[in-house]
Amino acid sequence: ILAAGIGAYFHWFRGSSSGTPIQMEYVKSPSLDLLDSPAMVHKVIGVLKFGDRVDVLKTEGTWANVQAGDGNQGWVITQELMPSKTFEDGQKLLHQLSGRQVQAAGHAVLAANLRLEPGRDAPELGMLAQDQTLDVFDRRMVAKKTAGGGAHQPASSTPVPEVWYLVRSG
């Protein structure tokens with residue numbers, strides 16, 4: 001019984017702060033404050049940039065306790081992180097674009113989400129700022145989806161397309 005009690009103590013109380021990562025993720029916002037606490041009153045102890053790799057040590061609600069590459073440990077909002085697979089897939093796509101010809105140059109009229117594939121439910125790679133310059137490589141028409149997940153079908157039952165652009169910025 002004593003051994004089971006000690007094992008449970010180390011698993012639940014000591015194990016959660018052991019510093020062993022539960023997953024690796026990447027920062028998807030241009031700038032992300034690393035905080036000393038997820039509380040309302042907190043101190044900024046560092047700043048992470050887009051593409052910085054972090055080891056997630058634990059999560060609590062919408063917060064993640066992370067360790068940055070420089071060894072700093074703190075809290076960030078989980079919404080500002082992307083899974084390592086999404087980041088790697090984005091890097092592969094960027095590499096593929098390096099061999100393609102740019103079709104047009106432009107800029108984002110408004111701030112917009114940058115996604116891995118055309119579609120509102122595709123993984124997010126980050127956000128384009130308003131007036132950010134872009135290289136345009138391709139354009140695709142994709143059926144618009146409703147909030148319920150199905151393709152939007154007006155009374156005429158003609159699918160309503162959305163236009164998606166394959167872009168590179170920065």
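This is a predicted model: local features need pLDDT of at least 70, side-chain atom pairs count only at pLDDT 80 or more; totals for chains, interfaces and linings use all residues.
Residues are numbered from 1 along each chain as its sequence is written, and side-chain values use heavy atoms, with hydrogens and water left out.

Let me start with the open sheet, which has three strands in the order E8-E11-E12 with antiparallel pairing; strands here are DSSP runs of E, at least two residues long, helices are runs of H or I of at least four residues, and both are numbered from the N terminus. Two strands pair if DSSP finds at least two bridges between them. Strand E8 (104-107) and strand E12 (161-168) are the edge strands, each pairing on one side only, and from one strand to the next the twist averages 60°, with angles running from 0 to 180 degrees between the N-to-C directions of lines fitted to C-alpha atoms, for helices over the stretch in contact. E8 is joined to the antiparallel strand E11 (residues 133-143) by four bridges, and within E11 it is Asp 135 that stands opposite Ala 105. Helix H2 (residues 84-97) packs on this sheet, where H2 touches E11 and E12 and its direction makes about 75° with that of E12; contact means heavy atoms within 4.5 Å.

Turning to other strands, E1 (residues 23-27) is joined by four bridges to E4 (residues 53-60), and these two run antiparallel, with Met 24 opposite Asp 55 in E4. E1 also pairs with strand E7 (residues 81-83), again in the antiparallel sense, over three bridges, and there Tyr 26 has Met 82 of E7 as its bridge partner.

Finally, where does Pro 38 sit? Pro 38 lies in the loop between strand E2 (31-35) and strand E3 (44-49). Pro 38 counts as partly exposed because its relative accessibility is 29%, given that buried means under 20% relative accessible area, exposed over 50%, and partly exposed in between, with a 1.4 Å probe and protein chains only. If we leave aside its neighbours within four places in sequence, Pro 38 is in contact with Trp 63 and Trp 75, while Asn 65, which is 27 residues apart from Pro 38 in sequence, is 8.7 Å apart from it in space, C-alpha to C-alpha.
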